[in-house]
Amino acid sequence: MTADATGAAEEAARFHTLLAAFEGQPAAVAGHGKDAVNEPMIRHWCEAMGDTNPAYTGPDAIAPPTMLQAWTMGGLSGHSDRTSAQDELFALLDGAGFTSVVATDCEQEYLRPLRPGDTITFDAVIESVSPRKTTKLGTGHFVTTRMDVRAGGESVGTHRFRILKYAPARRPAKQAEPVGRKTGVQRPRPVVNRDNQGFWDGVRDHRLLIQRCTSCATLRFPWLPGCNTCASPDWDTVEACGDGTVFSYVVMHHPPFPAFDPPYAVALVELAEGVRMISNITGVPYDKVRIGMPVRLEFQRVDDDLELPVFRGSEG
Amino acid sequence: MNVGDTLPPLEIAVTRTLIVAGAIASRDYQDVHHDAALARKKGSPDIFMNILTTNGLVGRYVTDHLGPRAVLRKVAIRLGAPNYPGDTMTLTGTVTAVLGSSVEIRVVGANGIGHHVSGTVVAEVAA
């Protein structure tokens, strides 16, 4: 582990101590459902779900039990019942960059059916805040709350809810590709990990970053946890100026890989700084690429979620 | 009804309309459930179904099978692969326990990219 990574782990542990202090604190106190249980909202729900259960219509209608949480939602005008503890916890997470939210678990128990006219009140408590977790969506913390729901003062159910507050990953994992474009026609996704995250962060900002050993100043590429020259784990980065030359290349004819359209040139480009990287050459037909050809860095958007550093060649 | 019995599968076409209608019917105005541009900005390739809709569909799947007199006691779900527009989710269920009039059913909803939902439903079945 690099010194940077060790520091990051300690920082994550310190941050989690702050978050864990919220466990057991109320998330909502004496919350009120904005609408009493009512037939129109039940009908809209059943229409959306395609639920034709006759128990949800007619004079003896009950509300679909799975609507339990819906009666407690803040809607467009938001929650007025959230506690300062809940606000502070979310502000802390937002401030640390965990700005996105996704629900992961919902556990509901129903003590009695809700019927039109029931007025809803609820209390909620922050049950737990997880240590930092890395998921396909990104890195963040799971927050679990438990809500006790009452109607006319009587307990009608409990609702345990887990969300992930996270910082979006630089690009979605493979499972998160849009339907219809996952049929093998996409470029492979780069494997982004703690050792090369900085490189891909640079790509996102249209900067090609080269690692530099802070002990012996040797540049290295691709990104590695340590220096091959002096074994130091400490490094910083320098931004490539963008000029390079084709050091070597091959032309790919066969076998064809999904999302690639052969023939195409794969080049080993020597950057002006001296390190070499494998990339594609743009602006020049595959059969015009030559060793020694000057090239210039550019960033090519491959699809919605992927941008890659490539090199534009100039003929002659 | 016996342990090991399976429920007939239910295919749900995950349309953009279903995602938005489910989000609004459940009073969930999080932008990732209706605004594709903002969803992409947050790292998602498109809008995706909210958990309340999934919960409602799981409940519907079980009561469709058990009939209108069945009473749901518990629905516990965990989400995995998101339901994006254009996908199809196939719900399947297996009876995992029967105790008196109470039945426990394990439900899985699989879409084109994996298991969207897995969970357990407990219901009282009319004698």
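**Exercise 1.** Determine where A:His159 is placed and whether A:His159 is buried or exposed.

*Solution.* Step 1: A:His159 is located in strand β6 (residues 154-168) of chain A; strands are DSSP runs of E with at least two residues, numbered from the N terminus. The model is predicted: local features need pLDDT of at least 70, side-chain atom pairs count only at pLDDT 80 or more, and totals for chains, interfaces and linings use all residues. Residues are numbered from 1 along each chain as its sequence is written, chains are lettered from A in the order in which they are written, and side-chain values use heavy atoms, without hydrogens and water.

Step 2: The relative accessible area of A:His159 is 3%, so the residue is buried (under 20% relative accessible area; exposed is over 50%, partly exposed in between; 1.4 Å probe, protein chains only).

**Exercise 2.** Identify the salt bridge partner of A:Arg162 and locate both residues.

*Solution.* Step 1: The side chain of A:Arg162 forms a salt bridge with that of A:Asp105, at 3.3 Å from N to O (a side-chain nitrogen of Lys or Arg within 4 Å of a carboxyl oxygen of Asp or Glu).

Step 2: This pair links distant parts of the chain, 57 residues apart: A:Arg162 belongs to strand β6 and A:Asp105 to strand β2 (residues 100-110) of chain A.

Step 3: Both A:Arg162 and A:Asp105 are buried.

**Exercise 3.** Classify the exposure of the two residues in the salt bridge between B:Arg60 and B:Asp64.

*Solution.* Step 1: Their side chains meet at 3.1 Å, N to O.

Step 2: B:Arg60 has a relative accessible area of 14% and is therefore buried.

Step 3: B:Asp64, with 38%, is partly exposed.

Key:
Helices (H or I, at least four residues) and strands (E, at least two) are DSSP runs, numbered from the N terminus.
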